[in-house]
Amino acid sequence: MSAEAKLEELGIKLPPPPQQLGIYKLFVQTGNLAYLSGHGPFLDDGSLMKGRLGEDLSLEEGQNVARQVGLNLLATLKNELGSLDRVSRLVKTLALVNCTDDFYDHPAVVNGYSQLFADVFGDDAGVGARSAMGTNSLPGNIPVEIEIIVEIKD
Amino acid sequence: MSAEAKLEELGIKLPPPPQQLGIYKLFVQTGNLAYLSGHGPFLDDGSLMKGRLGEDLSLEEGQNVARQVGLNLLATLKNELGSLDRVSRLVKTLALVNCTDDFYDHPAVVNGYSQLFADVFGDDAGVGARSAMGTNSLPGNIPVEIEIIVEIKD
Amino acid sequence: MSAEAKLEELGIKLPPPPQQLGIYKLFVQTGNLAYLSGHGPFLDDGSLMKGRLGEDLSLEEGQNVARQVGLNLLATLKNELGSLDRVSRLVKTLALVNCTDDFYDHPAVVNGYSQLFADVFGDDAGVGARSAMGTNSLPGNIPVEIEIIVEIKD
């Protein structure tokens, strides 16, 4: 099943393409690879989810934030490529989790995003290499920021 | 206007190519992409700017540090490629801001670097995908560290 | 000397391929580049080394952890490619050091990994671009996490 068909089957409605918070592009393609900037969890009304894991948010809330970042990444892909079906595979993810010093469950948080991509693009093409890490602060105090590299169909 | 001509028009003098602080190369090319290592803010005398945002440095000082990191990146590009005109575009930036837990203005800090690249390479080729993030510590207590991927002309 | 021959000469025995802690692949190849996920310091018995630099571990202990992460990366490369000799060069490394706010010796810690790769793949092919950074927390409280990009022979 194509990613667009899967999105419809799952009843997923994408948020508007995210705002930019500086001098950068959300998406740059070189050869058949597209680099997406670090994305945050914008909601449909343009506001950002906020807070730190280990302090303000539960693990489940963090997973939901990560999923929202994933929806923003999908919105950028759709906006730039016209169709998610032009993505041939997820290559690489760097996922940043805003957290206290004693929070250790970053991979579980980031799975909220990774499960979404696996659902939409499939268990092979939708699952890539990944690094999950903690940080003591993120722009605007968002809980999760994610950047990805995807392969584009010729 | 070419990047070299722009550099001269702006009266920008590049610092010497930066020192290495470990077992790595400052620049590795594969295909038509060049990966530059995390660069710090070396000054002309070989010393490093230091301190944390939210504690030791104002936003404006942080932007100035980020610009200095940008000058170091340009120095490496010039040293490795012979001419900045061989850069066809900035692809991707990962910018690390050394800061307190309650500092949230990373994108504004990093703009100090991004504006320099936009000035030198132009508003299209000089603006790439970007992630800005906080960290609780950087090598030698530098305020900003930046790594980039650029596309090289054939 | 080939990487496999070098490994044998150095008497290095690789650990088993590392476990995955989430929804991702340890290795994804696109074109002639392979992206390896953030790896941690699994020991032969499947347990993880833990602790923070500047608090729980000395510099030398940190370097040993970084070397162990390197062994895990080699184990993944060998498992995925069949032979380390299929790696033509190390392109890029992002190395994360779990540390206190006043720890500044990240590059020296990461050299524990970089020296291993230089030993196995040689001083040119085994040395790539690199960024070393601090973080306030890593998954499972591991001291070092490293992701790499390598170039694969056609």
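Read along its sequence, chain A follows the pattern α-β-β-α-β-α-β-β, which comes to three helices and five strands in that chain. The model is a predicted one, and chain A can be superposed on chain C by a rotation of 120 degrees with 0.0 Å of shift along the axis, at an RMSD of 0.0 Å. The two copies are thus related as by a three-fold rotation axis.

**Fold and dimensions of chain A**

- The C-alpha trace of chain A spans about 45 × 35 × 30 Å along its principal axes, and buried residues make up 56% of the 154 residues in the chain.
- A compact globule with 154 residues would have a radius of gyration near 15 Å, and because chain A has 15 Å, the value agrees with that expectation.
- Among the contacts in chain A that link residues at least 6 apart in sequence, 84% join residues that are at least 24 apart.

**Helix α2 and the glycine after it**

- In chain A, helix α2 (residues 59-81) has 23 residues and reaches 33 Å from its first C-alpha to its last, close to the 33 Å expected at 1.5 Å a residue.
- Just after α2(A), the residue G82(A) takes a positive phi of about 85 degrees.
- In chain B, the 23 residues of helix α2 (residues 59-81) should span 33 Å at 1.5 Å a residue, and the end C-alpha atoms of this helix are 33 Å apart, which agrees.

**Relation of the copies**

- In general, two copies of a chain are related by a rotation about an axis and a shift along it.

**The contact between chain A and chain B**

- In this contact, 22 residues of chain A meet 25 residues of chain B.
- On the side of chain A that touches chain B, the elements giving two or more residues are β1 (27-30), β2 (33-39) and β5 (144-152) of chain A, and the largest share, four residues, comes from β2(A).
- Sorted by class, that side of chain A, the one touching chain B, has ten nonpolar, nine polar and three charged residues.

**The contact between chain A and chain C**

- Here chain A gives 25 residues to the contact and chain C gives 22 residues.
- The elements of chain A that give two or more residues to the side touching chain C are β3 (87-98), α3 (106-121) and β4 (129-135).
- By class, the side of chain A that touches chain C holds twelve nonpolar, nine polar and four charged residues.

**The largest nonpolar core**

- The largest nonpolar core has 145 residues, and the members that touch the most others in it are V97(A), V144(A), V97(B), V144(B), V97(C) and V144(C).
- Leaving aside residues up to four places away in sequence, V144(C) touches P41(C), G62(C), V65(C), A66(C), V69(C), A95(C), L96(C), V97(C), N98(C) and V109(C).

Notes: Residues numbered from 1 in each chain as written. Chains lettered and ligands numbered in written order. Predicted model: local features only at pLDDT ≥ 70, side-chain atom pairs only at ≥ 80, totals over all residues. Core = buried A, V, L, I, M, F, W, Y, C linked by C-beta atoms within 7 Å. Buried ≥ 20, exposed ≤ 12 C-beta atoms within 10 Å, placed from the backbone. Contact = placed C-beta atoms within 7 Å. Least-squares fit on C-alpha atoms with pLDDT ≥ 70 in both. Nonpolar A, V, L, I, M, F, W, Y, C, P; charged D, E, K, R; others polar. Rg over C-alpha atoms; globule rule 2.2 N^0.38 Å. Expected span 1.5 Å × (residues − 1).
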